[in-house]
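Let us read a protein model together, one feature at a time.

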Amino acid sequence: MLKQILIKLPRKLQKSDLLDSSGSDSGNHTSNSGNGVQCTNIGNSISSRLSVVKRVSSAVFPASIMVGVEAVEPYLSFTDVSILQKQSLFISKLNLCCEVSDFSDPDKTSAEQDLKHQTLIELIDFVSTGSAKFNEPAIAAMCKMCAVNLFRVFPPKYRSNSISGEVEDEEPMFDPSWSNLQLVYDLLLGFITYSSLDAKVAKKYVDHSFISRLLDLFDSEDLRERDCLKTILHRIYGKLMVHRPFVRKAVSNIIYRFVFETERHNGIAELLEIFGSIISGFAVPLKEEHKMFLWKALIPLHKPKLVGVYHQQLTFCVVQFIDKDPKLADSVIKGLLKYWPVTNSQKELMFISELEEVLEMTGMAEFLKIMVPLFRRIAFCLNSSHYQVAERTHLLWNNEHILNLVTHNRQVIFPLIFPALERNSENHWNQAVLNLTQSIKKMLCEMDEELVLACRQKMEEENSPSSEATEKRKLIWERLETAANVIPPAACPDLYVITIKRFTGTGFQAYVSATP
């Protein structure tokens with residue numbers, strides 16, 4: 001009885017039968033065992049499945065990553081596939097977006113561009129909902145897609161030797177493919193900030209080469225692209241901590257090349273903005289590596305004539321360093337004095353503003369080390385013929401901390417600045433500067449009137465006709481006249497008397513020689 005029942009059940013197809021049925025023409029295939037309909041249905045289902053599911057090309061992923069990975073047809077929507085197929089569809093769409101569109105020719109068909117644009121939007125929505133699973137194949141596909149679309153060589157710069165933002169008449173440059181680039185950047189940012197991203201796996205693909213090429217993009221003339229890069233690099237620095245030393249070293253190299261070689265780079269301000277937040281997170285006491293970055297990278301950035309493009313970010317970084325270690329204040333001020341501009345008044349105004357911020361954070365011990373060269377420079381600025389420089393320098397005395405430092409060291413500082421104030425009172429052309437000069441002189445008198453009188457007396461002695469210097473000059477001229485009368489020209493007509501005069505610090509020295 002049981003044997004008869006088992007005979008009536010349909011026989012299970014062997015693997016060879018299944019392959020034969022799937023490879024034959026299902027319309028003409030018949031079976032004498034009564035299972036023809038079933039074989040035909042199986043063949044049709046396998047054929048239909050093969051039309052949808054494909055193996056991912058080994059050119060996209062290494063063979064070790066491809067094992068078990070299937071890519072669903074990328075033109076399908078995420079809502080049209082099962083939950084199990086969504087991850088494969090995600091990778092297929094990333095693979096589809098590896099095709100780079102040409103936006104330079106507006107006459108070309110935009111069908112492919114529109115398809116890619118729509119696919120990128122779908123990918124961003126899929127990642128933002130948290131449905132994506134960034135396993136190793138997905139991470140590899142994401143990094144490949146971003147590298148293909150973002151990493152590129154910028155065209156030659158035909159502008160003058162400048163960086164972005166220097167000349168007001170120049171219109172900003174915009175990348176014609178920005179509509180797609182922005183979506184790729186948004187997708188990369190979503191990938192880096194994904195909550196369940198495994199940093200140990202991600203660092204294998206977001207490696208030193210990837211970061212280096214990402215840093216190269218900071219030279220883009222498109223401000224929008226640099227803003228996106230700034231956010232992404234900051235997130236990479238926070239997420240992949242193993243790459244932090246490399247990022248700092250790579251940025252230092254960019255700064256070295258800019259300062260000492262090219263003086264051309266569009267992204268210095270953005271890089272410094274990133275480092276402003278990085279420096280604020282440095283542990284105390286500062287490592288020697290971090291101090292070297294201040295001394296060898298940040299301080300030399302004051303040298304280029306185009307410092308105004310990034311000076312605000314540079315000042316913030318410098319102030320952050322001093323906030324971490326106040327002992328660095330004297331090194332910073334020495335660096336400012338080293339690169340102090342002589343003929344560029346606008347740059348000088350920026351230096352004075354930065355100097356005020358640094359002095360606000362300078363302690364007495366560090367101030368004593370640099371006060372003499374510092375106030376010699378300030379004295380020159382007080383006498384500047386550029387009224388804005390002179391006016392801004394006078395306003396330093398409105399800062400309570402700086403005034404306190406001056407008060408405690410007035411025996412040294414007053415003799416350095418009082419002659420400059422006197423020269424302003426006598427010669428400066430701007431009335432606003434004259435008024436400020438009188439206010440500071442009054443302030444100094446209230447602070448220490450006896451010292452001010454002593455400075456004035458010393459200045460009068462130096463300018464007096466009966467001063468020692470004047471007497472020395474008279475003696476030198478007398479010697480010169482005596483030497484000239486030693487050999488009268490009339491007595492020796494065959495000799496030419498040659499008088500050579502050399503000016504020294506106290507007057508002229510005369511040398512007389514006779515030649516036939």
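The dialogue below goes from confidence to packing, ring pairs, charges and backbone geometry.

Q: What kind of model is this, and what pLDDT is needed for local features?
A: This is a predicted model, in which local features need pLDDT of at least 70 and side-chain atom pairs count only at pLDDT 80 or more, while totals for chains, interfaces and linings use all residues. Residues are numbered from 1 along each chain as its sequence is written, and side-chain values use heavy atoms, with hydrogens and water left out.

Q: What is the mean pLDDT of the chain, and where does pLDDT stay under 50?
A: pLDDT is the predictor's confidence in each residue, from 0 to 100. The mean for this chain is 81, and 75% of its residues reach 70 or more. Over residues 9-68 the pLDDT is below 50, and this stretch has 52 contacts (heavy atoms within 4.5 Å) beyond near neighbours in sequence. Residues 495-516 also stay under 50, and there the model has 44 contacts beyond four places in sequence.

Q: Which residues have the most contacts inside the largest nonpolar core?
A: In soluble globular proteins, nonpolar side chains tend to be buried together. A nonpolar core is a set of buried Ala, Val, Leu, Ile, Met, Phe, Trp, Tyr and Cys residues joined through side-chain atoms within 4.5 Å, where buried means under 20% relative accessible area, exposed means over 50%, and partly exposed lies in between (1.4 Å probe, protein chains only). The largest core here has 121 residues, and Phe90 and Phe134 are those with the most contacts inside it. Leaving out residues up to four places away in sequence, Phe134 touches Phe90, Val127, Ile139, Met142, Phe191, Tyr194 and Leu197.

Q: How many aromatic pairs does a search of the whole structure find?
A: Rings of Phe, Tyr and Trp (its six-membered ring) pair if their centres lie within 6.5 Å; planes under 30 degrees apart count as stacked, over 60 as edge-to-face and the rest as tilted. The search finds 14 such pairs. Phe151 lies in the loop between α7 (136-150) and α8 (178-192) and Phe210 in helix α10 (residues 208-216), so the pair ties together parts that are 59 residues apart in sequence. Helices (H or I, at least four residues) and strands (E, at least two) are DSSP runs, numbered from the N terminus. Both Phe151 and Phe210 are buried. Elsewhere, Phe78, Phe90, Phe126, Phe134, Phe191 and Tyr194 form one aromatic cluster.

Q: Which residue lies over the face of Phe78, and with which residue does Glu122 form a salt bridge?
A: A charge sits over a ring if NZ of Lys or CZ of Arg is within 6 Å of the ring centre and within 35 degrees of the ring normal; Lys93 lies over Phe78 at 5.7 Å from the ring centre. A salt bridge is a side-chain nitrogen of Lys or Arg within 4 Å of a carboxyl oxygen of Asp or Glu, and the whole structure has 13. Glu122 forms one with Lys93, with 2.8 Å between the closest N and O atoms. This pair links distant parts of the chain, with Glu122 in helix α6 (residues 111-128) and Lys93 in helix α5 (residues 83-96), 29 residues apart. Glu122 is partly exposed, at 21% relative accessible area, whereas Lys93 is buried, at 2%.

Q: How far apart are the closest N and O atoms of Asp325 and Lys291?
A: In this salt bridge the distance is 3.8 Å. Asp325 lies in the loop between α15 (311-324) and α16 (329-338) and Lys291 in helix α14, so the pair ties together parts 34 residues apart in sequence. Asp325 and Lys291 are both buried. Salt bridges may also form a network, as they do for Asp227, Lys230 and Glu273.

Q: Which residues does a cis peptide bond join, and what is the phi of Glu263?
A: Most residues other than glycine have a negative phi, and most peptide bonds are trans. In this model a cis peptide bond joins Val284 and Pro285, with omega about 5 degrees, and Pro285 lies in the loop between α13 (268-280) and α14. Glu263 has a positive phi of about 55 degrees although it is not a glycine; Glu263 is found in the loop between α12 and α13 and is partly exposed, with a relative accessible area of 25%.
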